[in-house]
Every structure is written in C-alpha cells, then in structure tokens.
Amino acid sequence: MEEPQDAVGRRSVGPGLLEREAELAAISNAVAAAAEGRGSLLAIEGQAGIGKSRLLAAARALAADRGLDVAAARGSELERSLPFGAVRQLFEARVVRARNTPEDPVRGAAELAAPVFDPAAFDAAPDGGSLLSRLHGLYWLLVNLAEDRPLLVVVDDVHWIDDASLRLLRYLAPRVADLPVAIAVATRPPDDPTGAAAVAPLLTDPDVAVLRPSPLSADAVAALVETAVAAAADPRFVEACLEATAGNPFLLRELLAEVAERGLDASRVAADEVRRLGPGAIAASLLGRLGRVSPAATQLVRSLVILGDGTAVHVAGAFAGLDGDDALHAAHLLEATGLVEADDGLRFVHPIVRQAVYQDLTAVERGRRHAAAAAFLRGAGAAPEAVAAHLLHAPPAGEAATVAALRRAARRAAALGDTGVAAGYLLRALREPPPQEDLAAVLGELGRAEAEAGVPEAVEHLEACLALEPPAEIDLPAAEALANVLVFAGRPDRGAAVLEEALRRSSSGDGAEQRMRALLATVGCVGMPVRRRLLPMLHRFRDPGGPARDADDVRALAMLAATAAFDDNDGDRAADLGLRALAAPIEEPSDAATASARVALAVS
C-alpha cells in the first residue's frame, strides 16, 4: 500500500507534523538503538510552539511500537523550585510501586538516590549526602530500571525543570551510551526570556545530539490553511498567515481557529485582517474561548494555572471550591475548548495557553492565589517543598508558619545537595520576615546555603547572623561557614579572627567546637603568619593511635599531619598521619579535614 501523503504531495511524517522528516528520523534511530542496547541523549531546541512537544509525542509512539518502556516528565515554572521535581515525575511512581519487592529498582548503588523518593529519609538525615551522590544513585536507578526492558526517558520544557534534575541530565549525557536507554528532551533556546540559559551547557555537550526544527515554509503553511478552510487559499492569504505567525505551527493552528471563529475565508480580502492578528490577538482569542465556558470551568482553569500541570481533577476542583461532579463536568468543558488535556491529571495543551491564563490574573490576584494554594497544600499534608513553591510567589505577611515551612523545605533541599534552592527558600523566609527570636537562625541557615552554592551574599548574611546581640549562643556553623568563605576569598587572617572570636564566645565544648579548632588549624595552613599565632593550639591535638575511627579522629590526624609537614619538617610522619586520616572508614569526612590531610601529603 502506498504511504499516505499530505496536502502538498509530500510523504506524511506523522499526525500534524509537516517538514519534520529529519527530526523524526533522528528520533527513530535513537529509539531503535536503545532497543538494541545503545543509548543516546537527544535535545530538541526551539521557540515555544515550534512543535517540540509533538516530536516528543512521536518519540513516545515510536518507543511503544518497539516495546520500550517510557518515563515522561514536563517542566513548569512552579516546579523550578522543587529539588529533583522532574526526576520524581519520571520515576517516583515506579519506585513507590516496586519498593520492598524483588523488582525494587532502589538497590545496590541506587540506594544513594533513596532520599529523592522517600520523604522520611529527609527528616532522618537532613544533613547527609551530597548532590553528586544523589546523581550517582540516580544513574544506577536508571540502570536497574532498564535491566529488563529498554527505556525511553522524555522530558518536555527542560528550560523550566529544577536545577538538580538538569544536573542529572548533564551527568547522564556521557554515561548513557552503554545503556538500553534513549533520552529525548525539549527546551527553548538559551536566549529565551524564560531563563533557559541554564540549559546551554547541556546543548553544547558533545555527547548530546541537538535537533533544531525550522519554522514552516510557505508550502506547509498553505497545506495547513487549505486543510483548515477546506478550500484553495489565495497566495496573499497564505502569505499573511506566514507573516502573522512566522511559520510557528502552534500559533498558526490558533490563528486558523480564530479565522474560523470570525467566519473569514482564505481570500485576498481576508488577508489584511489576518495581518492584524498576531500572538497578542491569539492570546486574546484563547481567553475569549475561556470566557464562553461556564463559571465553574473558569474557576477550575484558574486553579490549575496556580497548582500546576498534572493536578488531579478532584484536587483542582477542591481548591476552586467545586464538588466532585461539578469539577469533572468543568474539566470536560475545558477539554472540549481545546485549552486543557485531561489525561493523567489536568494539563494545559501548551505553555502559551498557560501563560495567557496566568497573565490574565493581576499580580495581586496571583500572589493571593499562591498564598491560598500554600495554605491548601499545607492542610492536605503536602511535602514542605510543594508548599514552599507557592510561598515563593506569595506576598510577605509576617507569619511564623510561613517561615517555618520555608525552613523545612530548605533543610530538605540541602539534604539532596540543592543548596541553591535551599538559599532561595531561606531568602524568601527572610523577607517574610521571621520572628525576632528566629532571625539569627534564618540568617545562619541562609548564609551557609549561599556559601555552599557560591552566592556572594553569603558573607553579608553570615556576618549579620554573628553580629546579632545579645546572642543566646554563638552560631558555630555560621562562623565555620563564614571562615571558609573568607579563606577561599584570600582573607585567611579575617577567617582566623572569626573562628577565634567564635571559640571565645562558645561554651558548648562539643564536636562543633572541635570542628572549629580543626578549621582554625587549616586556616593556619593557608596563612603562615596566622599559623605562627596558632601554634600553641595546634599542639593540643592528640594522635588517636592506629587508623582513624571517626570524623574526630580524621580531624586530629589531619591537623597533626599538617603540623608535622609545616612546622617539624617531618615528611615521613606527615605521610603516615595523612594516610591514616584519608583511610578512615567514614563516607564523608569534613572537607576541611580532608583538605588538610591532602596538603600534608603534598608537601611530604
């Protein structure tokens, strides 16, 4: 049988896909290779409406035909602040279903990724683990998932996914070739105003194949116009459609829907009116369609635009104040208008539609609705980061509960290694503002997160924390973080002064104080004038004898190694002490201790 042809005589390349032969061929080859055990990562880059999502849908269909399993996620502006939010969309359901069964994919090295999917793990060890360990665990999770069946991983709107999930894609790019896994992602260009610049390193990675769909040609526009109006189109009308949409397939489809709504034909006379219709008029047309549905449907779609894509109908309905039947009926009406899809939760058919609905709300109304969403989700027992995502967009109100929620979300983000997101939560908590009795703690937590994330404002916030008077107890972790930042900034004398003052004001006498002394000794390794002043303190460290048993032993051995190397010129002893420090049976000795031991070994 002859293959079907489109309206201009070319071979059809898929439902609604014109002039995408090269892209579909690349996707088909990637899927076929994954089925044979050879993985790859494809990125589809293009402006909103160019057809990226349709190409990903074609990839999913091709994968299903070849027997591949499919995991899919879609970024959204709201989820940017949810650590590993896109990863959870991809794998959480699979992990939860298989947990504690023989098919559990969180096994072996993949256990490092367990906290991504297990909220209890956050609370049990809020300071454990690094981002790198999570990424390594997620790689092995992918290995385990693809062990019995090849896998296609699809991520749409990558420019809106969280930083941790984006880091995973970059981590996987050079490692996926030997796995039966094809990864296909879609993103806007790095210069897009949505803030897609963070995707640039992925697009320039030599292990990533980038597809850039072109705007539709005049022939393709003519074919779509003639299909829409069921008649021959005047060349001037086709030209006007091309000018109004710049060959953007989504905008063209919406323009033709507006043409039909207005009863225009495809004549030369109608071309002038079409030229007056651009993206702004198309957005107005989308909102006009919304205005013609029921008030309940309007409330439901406005709830969806706040809660985000993937929200269940009953959840969006409850937030909108609708009962179950009314919410379901409203969802059917919205689906009939072509604004929303109702598969696996409610979703806008396109980000352009979501943006039009969101921008139709005033800034004040958006803030009010996000605050209401945070309260709604908190009452429903949602995860702290889901609540915090809305609080970031809600106006400050001086509520202690808001500060507490943001601090909980920050601790969980830091536990996953996403200190940038943690800093964002805490900065918002500072603007609330926190109660006076919590101000020092919030400043300290914010400064430490910023220091880990490399944010310059860390010094300002840490110094503000330590300067608060009268302090009930000096914030030793804040002092430690500030000293580290100052040392790396080339100011070891100032870093040492911060530590000495903190020790003078401290009365804890516990492990935190010992860490401070170890760090102070490390500062002495960097600044020799400081070191001479610190020599009496350095000699207080005692050799535990034998291998290091815990982090405290590591610190002591590292400091003794540094003293042997710098002050005693005893290379053999420095090497012995340093090796014993590095051989400690603990997973993550402090950076300061490890650095000191390595310094000692280097000079020996």
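Me: What do buried, partly exposed and exposed stand for?
Reply: Buried means under 20% relative accessible area, exposed means over 50%, and partly exposed is in between (1.4 Å probe, protein chains only). This is a predicted model, where local features need pLDDT of at least 70, side-chain atom pairs count only at pLDDT 80 or more, and totals for chains, interfaces and linings use all residues. Side-chain values use heavy atoms, with hydrogens and water left out, and residues are numbered from 1 along each chain as its sequence is written.

Me: Why does Glu77 count as partly exposed?
Reply: Glu77 has 29% relative accessibility. That value falls between the 20% and 50% cut-offs, so Glu77 is partly exposed.

Me: What makes Glu77 and Arg354 a salt bridge?
Reply: The rule asks for a side-chain nitrogen of Lys or Arg within 4 Å of a carboxyl oxygen of Asp or Glu. Here the closest N and O atoms are 2.9 Å apart, so the pair qualifies.

Me: Which parts does this pair tie together?
Reply: Glu77 lies in the loop between strand E2 (69-74) and helix H3 (85-98), while Arg354 is in helix H17 (residues 351-360), so the pair ties together parts 277 residues apart in sequence. Helices (H or I, at least four residues) and strands (E, at least two) are DSSP runs, numbered from the N terminus.

Me: Why is Arg354 called buried?
Reply: Its relative accessible area is 12%. That's under 20%, so Arg354 is buried.

Me: How do you know that Glu147 is exposed?
Reply: Glu147 comes in at 52% relative accessibility, and that's over 50%, so Glu147 is exposed. The side chains of Glu147 and Arg107 meet in a salt bridge too, at 2.6 Å, N to O.
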